[in-house]
Structures are given as C-alpha cells and as structure tokens.
Amino acid sequence: MSLNPATLDKKEFGSFLKQVMQTYDVIAPVELAEGVSAYRKIESPEEISLASHNTQKSAKEAFFPQSEVMFRYEKEGNRTQVTSTEEVNRPRLILASRPCDIQAFSLLDKVFSAKEYTDVYFLKKREKTTIVGFACNDPLSTCFCTSTGGGPFTREGSDIFLVDLGDAYLVEFLTEKGKALSQNEFLREASEGDVARAKKLEEEASKRMNVPVPLDGIETKLDQMLENPFWDRIHEKCLGCGACTFLCPTCHCFDISDEASQKGGQRVRNWDTCLFSLYSMETSGHNPRPSGRERTRQRLMHKFNYFPKNFQKIACVGCGRCILYCPVNFDIRQVISEINEK
Amino acid sequence: MKNPYLPIPMVVKRTQVETADRMLRTLELGFLKEEDEKAFRFVPGQFCELSLFGKGEAPFGIASSPTEKGSLKFTINKAGTVTTALHQITEGQEMGIRGPLGNSYPIELFQGKNVLVIGGGFAFTTLRSLIIYLLQPENRSKVKDITVIYGARNPGLLLYKEELADWQKRSDMKLVVTVDAGDKDWKGKVGLVPNVLEEVGPASENTYAVICGPPIMIKFTFPKLMTLKFPNERIYTSLEKRMKCGIGKCGRCNIGHLYVCKDGPVFSYEQLGKLPKDY
Amino acid sequence: MESVKTNNWEPKILAFLCNWCSYAGADLAGTSRIQYPSNIRVIRVPCSGRVNPLFVVKALQAGVDGVLVSGCHPGDCHYLTGNYVGRRKSATLKQFLEYLGVEEGRVQFSWVSAAEGVKFSQVVEEVTNSIRKLGPAKRLVKRSDEFGVRS
Amino acid sequence: MMASSQEMVQQKIREKAKELLANKEVDLVIGFGEGSLPLRATPLFVRTPEEADRLVWNSFCDNNLATYIHKLSRFKLGIVAKGCDVRSILALALEKRFQPDRIVLIGVPCQRMVDRRKVKKAVKGEILRAREEGDQLIVEGNDFSISLKKEDYLYASCKACTHRNPIKANAVVGDQVDETPLTDSYAEAKEFEKMSPEERWNTFERESSRCIRCYACREACPMCYCAECFVDSSGPKWLEKGLAPSDLEFYHIVRAYHQTGRCTGCGACERACPMNIRLTYMTQKLNQEVKELFNFEAGTDPETLPPMATYNVEDKQEFIK
C-alpha cells in the first residue's frame, strides 16, 4: 500500500521538525563555517542549512563517524571491565541526505554486514535510522551520479523523499519506516499540481546531468592494468593527503587505537586512508605500498576493481566531492577517461 | 548481533623467553570463561588479535595446536608498542584476544599426501601448530611423509627447542634444523634454508609444501621449490600484513580484492600470482 | 576565582629544569632548606635548549596550569650555546601562544644558576602566585570526558 | 595589456621548458596545466618537449610547486616558480633538502593569484566557465555572466606578498613587477590581534574544530617534510587520532609553530584545506615575530641560517626571569 505524497509548507518546516524531534534524534546538514557544511545532530531546527548543494563531509558520518568509541574499559586490580558502546537508544533520522550519499549507504551496508562478521556499530545505527532523502534540483557540473547507477531524484534507499518546490516541500513516504512520520499535523495532502511540479523539476535536473562518465566495463579494463605504466604518471600530482577519501561517501577504511587514562580508557576507531604512507607501513619499517604510485593505484583499484569483485558494484556514487575539494585538482573523471582510453 | 570487536578475556598462564636475544617470548593464555573456551574452535594457520587495554591490538598466529587443549600459545617478536607491552606482561595478568581469525592451512588437502614444512626464524609459529597437529596419532595416519626444514640465523634464535628435540627423536617425521652460522656448542647443520632444501631434495610428487619465513628466505627458497617441480597450487605460505580489525572491514590488509585477515593469511602461490605485490 | 579559592585549588606547574644549572639550583634550594611552593613538578632536561616547544604545548594539553622553563644564564650553558637557541624558541612560542589566546603567564621562563637556590625559590614563588591568579587552565586542556564523536 | 603579457609569459614558460627538456638539462619540468574546473589550474609534470605545450600560466596557478621536490629529488628538475615558490625552494636549499644544482628555476614574476572561494561567494549559482580579460575576471554560469575586478578577489597572502619577483632563478620569464603589497604584510595577524584573548582563542578553537585530519595543509606545504610528523609518531604518541577538540588544537598549534622562521607565507596550507579552515593568520604572526625579533624572512636569503637554527647573544630576553 502506498501513501499519497504530502506537502510541507516551508514556513512550517521548523514546527514539523520540532514534532519529529520529540521522537527522533535528527541529523541534518549544518553550516560549520561560511560555505562549509556537514551532517550533525541538531538541537533545534534553526541549525539546519539546506542552502548548499552538497555538504563537504558526506552523510556517512551518521553511521560511520570519523571517530567512534567502540568500548570503554576500566581497570580494577587485575580485572578489566569492558563496556561496549554499540547500543543506539533513540531512533534517529537523517534529514536531507542527497541521493548520492544514500546510494553510498547501500555500498557501506555490503561491507559492514558481509556475512562472516557484522559490524554492530554501523548496523545498529543503520537499523535505528530513518532516511529522509532530498532531491537535487540543480546538480552541479561535477556531479555524475547518473553514471554510477543513481540520479538526482533517485529514491532508492530513502524512507521518505523530499522535493523542494520553492515555497514548500513535496514529501513522499516510501517505506514503512518512513510512514511512521506521516501523522505529523503540519503535513497537507499534496495536490496534483505539486506532484506535477516535482516531476517537472526531476526532468530538468536529469537534463543537466548531460556529461556521462564512462564507467561500464571499468572493472574488466582494470583487471589488465595492474602493472600498467599509466600508474607511474597518474599519481604524480597527488599530495598524499586524505581530503578525497575522508570526504568520500563510500570510503570506509579505519584504524583502531586505544586511548588510555590512568584507570581506564577506550578503544576507538578513526577513519584512515590508503593514501597515507603510514597506513600500510609495518612495524619493521617495510611498506608494501612504498610510494604514491601504489597508494593512488590502491584508491582507484579499490573503487573500480576490488570492490566490484567483492560486491558487484563500483565504490563511487558520483557525488563529485573529491573533484571539488582536491587541493591539486586531481579529477577522478579524467582518470576514468584515461583508463578507458587504455 | 555478536560484536566481533569485543575481546575474549584471557589470563596469562605461563610465559617463556624463546631466544637468546630475548626478542621472542611465548605467552600461554588460558580462558577465563568456560563458554569462551568451548566456542573457540580453530585450525592451524589461524590467528588472533591480542588485545592489551590502553595499548591496542596486534595480530599473531596461534602457535599452539588445537590438540593442545586448555590454552593458546602465541610467540611475540618485540617490535612496536603492543609487542613491547606484551613482553612486559606477567603471569596471572589478564588480557584479551579476538579470534580465531582468518583461514587456515589446507589440512583437508593434505590427506594422503606428503607434507613438506619449511620455516625460517620467528615465522615458525603457526608451523609449530601445524606440525603438532599433524603428529597427533589420529591425524598422523591421514598424511604420508612429514618433512620439516627449519632454519634460524644462529642457534640462539631457534624457537621451541623442547619440541625440536622431541621431533628429532621421532621416526614418523624427518626434521632438519639448520642455522646460518653456528657457535661453539652447535653440532647440527650449518647452511641457509634454500641450500638445505636443495640438499634434502624432497620429492614434489604427491607433496604439499608450506613455507613461512622472512621475505629474503622465501625469495631464495621459492626458486628451489620450482626446481624440485612443486606446482604453484601446492605451495602454501602465510602472509603478514599490517592489520587492525581482523575481520575484513578496515581495509588495511587489502591485497587486491582480498583481505589477508579474512581471505588469508594462508595463500597458495597460485593465488598470489594473480594479486598485486602489495605485501 | 572565589569558588576556586574556596575549593582550595592549587595550580599544578610543570618545570623543565636544565640539568647543569636550574636543576642544581633547585637542589641547592632544597639542601639549604629554602621554602618554596610545592606546586611544581620537575622534569630534568639536559639543557633548556632541549625543550621542544611541543613539550610545552603537550603539558598544557595534559592539564597543567602552568609551565616553567628554566636554564643556565646566558654565557653559562654547559653546551656553550644551548640556552641561546632555547631562548629563541621560548620567545617565539610565548608570543605565539599568547597571540592565540592562551593567557599571558601560563608559560614562563627563567635563568637560574647552580648557585642560585634563593633565586630558584623566588622564581617558583612568583610563578606559582601568578598562575594562581590566572586560575585553573582551561584553554587547550584535554578534558577526561572529551572525545571527538560528532553526530 | 595584462592578459597579453600573461599569454606571453605562458609562451615563454613553454619555450623554456622545451629547451630544458630538449637539451636534457632536466628530466622533467613541474609547472601548471589547465585545470578541470573553472578558476583552477593543476600541477603538471612535463617530461618531453611536446608535452610542454600543455603548460599554462594564469591567475589560478595557486599551488606551491616546491612541495613536489621531496618526492622527486632523485630527478633533475625544472620548476615553474612564482616568487613564493622560489622562496620555499631557497628555504629548503638552506635546510639541505636537495642539491641546488639539480634544480633549474623558471622564475615567473607573479601577478597575484585569484582566490576561487572568494569568487564563488560573490556569485549565486554554479560557475561553469571563467576567463581573464586584463584586470577583469569573467565568470559565467547557466544564467549569468559577470565581470569581476580581479584585484578584489585575490588571496590575502598574495595581497600581503612583498616578494612577487623570484629572488633567484635560472631564467626569469616575464617582466618584473612592482612589489608594493596591497595590504600590510602582516595585515591578517594584526587584524586577529585586535580581538581580546578570549575572542582570539574562541576563533582559533572554532576554526580548528572543523579539522578532519586529512593533513592536506601539511602535505601542501613545501616546508613540511619530516620523515615522521609528530602526529604520526606512535612512540611517544603525542596525540590521539580522533577529533577531540584539544587534539585538533594541539595539531594546529604545533604544525604552525614548526614553521617558525621557515614559513614563506605562500598560503598553500590554507588553500589546500577542504574545510576552509583559516591557517595563515597563525603562520603570518610567526613570520611577523621572526621579522621583528630576528630581522629574518624565510627564503629571501640563500646564505643566512634560519633563525631557529642559530642565535644571537644579543637576542631579546626581557621575558625571562
């Protein structure tokens, strides 16, 4: 059974949210500085900033925070008491996640729920979270989600989907989880006109996505390219910082370390990146990926060859963050084109 | 949902310094909870993440055999923060482990075959587990000849001296221990592992080779195995790589699309041939 | 401040003392039974030039209320010029931390020779009093419950 | 006038690069190529005379190319170097990071670089194309085309720059420029200093709180080359790897402070930050201190030792009890 879409007047957005916040922890885009935003748990609706196209840091933080305590421990004499921090008590809601980030959640699901071992920290947050997707009315020129199996209005993975109609939002309820929010007093039934306007916006947005990035067959292509001289040059300008991988919604490598105080402490996991030389450095001093060549290759191979081998999907959702924020303008689209030319 | 990141509580039952340079120390760990001991089933070749609260975790192959009940053994080379702390831990102290992790030596393939074990230096840990496992009477009957070649730089650096002495006496296996350089008390063989292998010249027919050692030893031993006509798919090795989660999530031990922690650490040379040399 | 006083709060001060002069000066103060506040914890360093500014920043992060770096008088350095090099680090670090908003006086410097037991006690007295006036350090201090989990 | 001279500079860069490569004087030339995005250029590594035609010169060549020396020091390098890149290279030579005779400097008097973030803030909508016409910058989007005065959109570090002409170069392409800065050399630091200590600390805290520890600032900086950075050290472990505010502050203080007497004020750190964290107000202050206390400016003198590697018996010491 499907529920008719509703509309939400922008003037009532705050009141709507206040009601939602009585039940849910709401995680939404927040401006950290002028032009810089990320998803944060909000205390009041005024904190939300929906102005920017896409946040710098992706919404993956909601399930896979950059820095996360896994358990705390306390020492008493010889005994050590360990308390896991995996439980999520309150239901959570990610507000206004873009379709690209939502597509990335499904890729992270594959990693963190892979059958042998389930990552409880990720999955428990995932289970407790309702995802409110947000259509991209004007995708940027760096967006290429349509080439990675998504689109600016792709609803897949959303429990609720919002379309900005100018003075109001069209609210679509897509799953049972999403329908739980349909009883909000600030929602009105959408008119046919509203639905038609959303449809029109969708068509306009997809027209803008006119520069496809050729990703079909890239996995097979790369199978033959492990030792290609191409890698000798492509990494040259890469500084070896972690900007692209930390902003990437699909990158998921992490480090585990202990933070100790006198009587106890915590085990923590922090994002890490294959682009840091320290990432693969062994205690002996041996580094199996000794230079930018191997490290850049790892980043790209993981996205376009290794990940598809394991999970039948490329690990890129076309959000364009790595292109926009790379300090040296390393453009993954150009790299893909070059791979295709080989 | 079971949390795979939470360590199993263990107690240090016994510690032993293995080598003259005191850089290798074996910890024998006992389970604190009976249910953990019951649930802990492993096969030689698997490893655990040893966990010291406040210091962190590091992966180690299980050096004891599943046939040695009641405890687990790990031999630790002192190198970094965690291993240094593991060298300082005393009997009776508590610590944690996560495991068993990873795959194991392909014991089912060994049935009815000869097994050649080549070890060098402190990479002998899971090989000890394998040999003890194979020597257990009911397992021994399942494989044919067992040949073990084990080398270290000098006599003081040989691990598991008691076991070596024991194996030396046995008639159901052949043990060749060698050192790169002997000392005044050393009566045994002097020579590098690759050369000793050539000298021993085990037949490759119907034989599986398992080789673990420092990269330089592997580099020179592998061609000798080729000369002896061992096919790649019957040579196995156990890889070491930097690891963190041990369960195929954190990405650190990636080699191609495989994870050393989850898809390894044991690989055949046939598999390795298809992977990038990221190790 | 009032509440601080009523809580009997006393500043914790970390002192980096050079082995050859200031540490010997502290020793002399001790053996001469000269009283000085017990607020300082001493780390003996070979030379005031050895004090990496990183140490000072780390000490503040670890929660000390003040840092004192003390070495030999100019011209008296056991290594001839170590204290001169250290002096440049001290000058730039002090200005930089104050520029960022760390209160003036959190980090202080002195020259104390091996013969200056009295001066040592005076320096410690002065430093302790001034840091007591500043109150407990807050900037840069890592709180025990502090953790970087966001969202 | 300006535009044509920029094209001329670009032509001369290409010619010089070709010459160096053809004569095998260098193994490769590091310069700038066309960026894939408007308002951007990208570091380009040229190994053959033919490839040299891809070199460009415009107001978006904002990376400090000296940072690549570290990983390429086994080659004989030609580097297209602005005033600030040259200063970094001289400072590195002083620290003996490479053999001076293995680097050929193609010096370019700098026209000052355009801060793309400032430009983006000035327009509504996505900029799809940008070009320079004289002192104007024309930016275009789907439904707009705006002409902006370049001078209003320059990097703060470029406005404060007093060494736009390469101090040293094997060849200089383009005419020398007037080095009078557009703002006070320490304008940013002086502005920051006007605030109360409380406000200053809060600003610093707020800025560093956005840090994602990608270390783009460190990697972009030519002077950050320690074999093991203090943040990466595990023994001793100076700080944790997470996002605890005090750890982030610790990182930013020490990263900046380690540049004392070494920073050339090029602004590469701040330009690299994907989270737009302000960074140059810190290094600029250090540069000001070093100028006032030791009369030193990094990378302006190939002979004088950097101030933190030396001393003067007469150094100021009123602050010492």
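Into which domains is chain A divided? Select chain A to find domain 1 (6-208) and domain 2 (218-341). Domain bounds come from an automatic or database domain assignment.

Before going on, note that this is a predicted model: local features need pLDDT of at least 70, side-chain atom pairs count only at pLDDT 80 or more, and totals for chains, interfaces and linings use all residues. Residues are numbered from 1 along each chain as its sequence is written, while chains are lettered from A and ligands numbered from 1 in the order in which they are written.

**Stop 1: chain A**

Colour the two domains of chain A. Their centres, taken over C-alpha atoms, are 25 Å apart. Across the boundary, 33 residues of domain 1 are in contact with 28 residues of domain 2. Two residues are in contact if their C-beta atoms, placed from the backbone, lie within 7 Å.

Now select strand E4 (67-76) and helix H2 (99-112) of chain A. These are the elements that give two or more residues to the side of domain 1 that touches domain 2. Helices (H or I, at least four residues) and strands (E, at least two) are DSSP runs, numbered from the N terminus. E4(A) gives the largest share of that side, 9 residues. By class, the side of domain 1 of chain A that touches domain 2 of chain A has 15 nonpolar, 10 polar and 8 charged residues. Ala, Val, Leu, Ile, Met, Phe, Trp, Tyr, Cys and Pro count as nonpolar, Asp, Glu, Lys and Arg as charged, and the others, Gly among them, as polar.

**Stop 2: the domains of chain B**

Move to chain B. Its domains are domain 1 (8-101), domain 2 (107-237) and domain 3 (239-279). The centres of domain 1 and domain 3 of chain B, over C-alpha atoms, lie 22 Å apart. There, 6 residues of domain 1 of chain B are in contact with 6 residues of domain 3 of chain B. Select strand E3 (47-52) and strand E6 (94-101) of chain B: each supplies at least two residues of the side of domain 1 that touches domain 3. That side holds 3 nonpolar, 1 polar and 2 charged residues.

**Stop 3: the sheet of chain B**

Show the strands of chain B. An open sheet of 7 strands runs in the order E10-E9-E8-E7-E11-E12-E15, with mixed pairing. Two strands pair if DSSP finds at least two bridges between them. Strand E10 (189-190) and strand E15 (266-268) of chain B are the edge strands, each pairing on one side only.

Select strand E8 (residues 146-152) and strand E9 (residues 174-179) of chain B. They pair in the parallel sense over 6 bridges. B:Thr147 has B:Lys174 in E9(B) as its bridge partner.

**Stop 4: a covered helix**

Is helix H4 (residues 125-135) of chain B mostly covered or mostly open? It is mostly covered: 10 of its 11 residues are buried. A residue is buried if 20 or more other C-beta atoms, placed from the backbone, lie within 10 Å of its own. Among the buried residues are B:Arg128, B:Ile131 and B:Tyr133.

**Stop 5: chains C and D**

Finally, show all the chains. Of the 5 pairs of chains that touch, C and D have the most contacts. This contact takes 33 residues from chain D and 36 residues from chain C. Select helix H9 (245-257) of chain D, one of the helices that supply at least two residues to the side touching chain C. H9(D) gives the most to that side, with 7 residues. Chain B and chain C do not touch, and their nearest C-alpha atoms are 15 Å apart.

Technical notes:
A residue is buried if 20 or more other C-beta atoms lie within 10 Å of its own, exposed if 12 or fewer, and partly exposed in between; C-beta atoms are placed from the backbone.
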